[in-house]
Amino acid sequence: MSDYAVKDEKKYFRHVLKLDKNFHVYIHGQRKYIEKGYDTARDMNYYKLYFRDEE
């Protein structure tokens with residue numbers, strides 16, 4: 001497998017975020033459109049998702 005193919009594959013990924021109990025988010029896309037953070041006021045973690053069009 002070439003290095004180029006591996007690097008190209010890293011740009012797009014399929015991932016399942018398993019959050020709390022019985023809450024799953026399926027992601028198929030680029031990591032640069034997902035932001036993870038922590039809200040100190042709520043004392044909770046969060047994910048921020050960016051997208052162009054909703055289907």
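1. Surface. The accessible surface of the chain comes to about 5,800 Å², and carbon and sulfur atoms hold 49% of that area. Accessible areas come from the Shrake-Rupley method with a 1.4 Å probe, and for residues only the protein chains shown count as cover. The model is a predicted one, in which local features need pLDDT of at least 70 and side-chain atom pairs count only at pLDDT 80 or more, while totals for chains, interfaces and linings use all residues. Residues are numbered from 1 along each chain as its sequence is written, and side-chain values use heavy atoms, with hydrogens and water left out.

2. Burial. The chain has 55 residues, of which 11% count as buried. Buried means under 20% relative accessible area, exposed means over 50%, and partly exposed lies in between (1.4 Å probe, protein chains only).

3. Fold elements. The chain contains 1 helix and 4 strands, in the order α-β-β-β-β along the sequence. Helices (H or I, at least four residues) and strands (E, at least two) are DSSP runs, numbered from the N terminus.

4. Contacts along the chain. Among contacts with a separation of 6 or more, 4% are between residues 24 or more positions apart. A contact here means heavy atoms within 4.5 Å.

5. Salt bridges. A search of the whole structure finds 2 salt bridges. The term covers a side-chain nitrogen of Lys or Arg within 4 Å of a carboxyl oxygen of Asp or Glu. Side chains of opposite charge can pair when their charged atoms come close.

6. Glutamate 35 and lysine 48. These two residues form a salt bridge, with their closest N and O atoms 3.9 Å apart. The pair links distant parts of the chain, 13 residues apart: glutamate 35 belongs to strand β3 (residues 34-39) and lysine 48 to strand β4 (residues 44-49). Glutamate 35 is partly exposed at 31% relative accessible area, and lysine 48 is partly exposed at 36%.

7. Aspartate 39 and arginine 42. The side chains of this pair also meet in a salt bridge, at 3.9 Å from N to O. Aspartate 39 is partly exposed, with a relative accessible area of 25%, whereas arginine 42 is exposed, at 63%.

8. Arginine 31. Where does arginine 31 sit in the chain? Arginine 31 lies in the loop between β2 (23-29) and β3. Its relative accessible area is 57%, so arginine 31 counts as exposed. Histidine 15 is 16 residues away from arginine 31 along the chain, and the C-alpha atoms of the two are separated by 9.8 Å.
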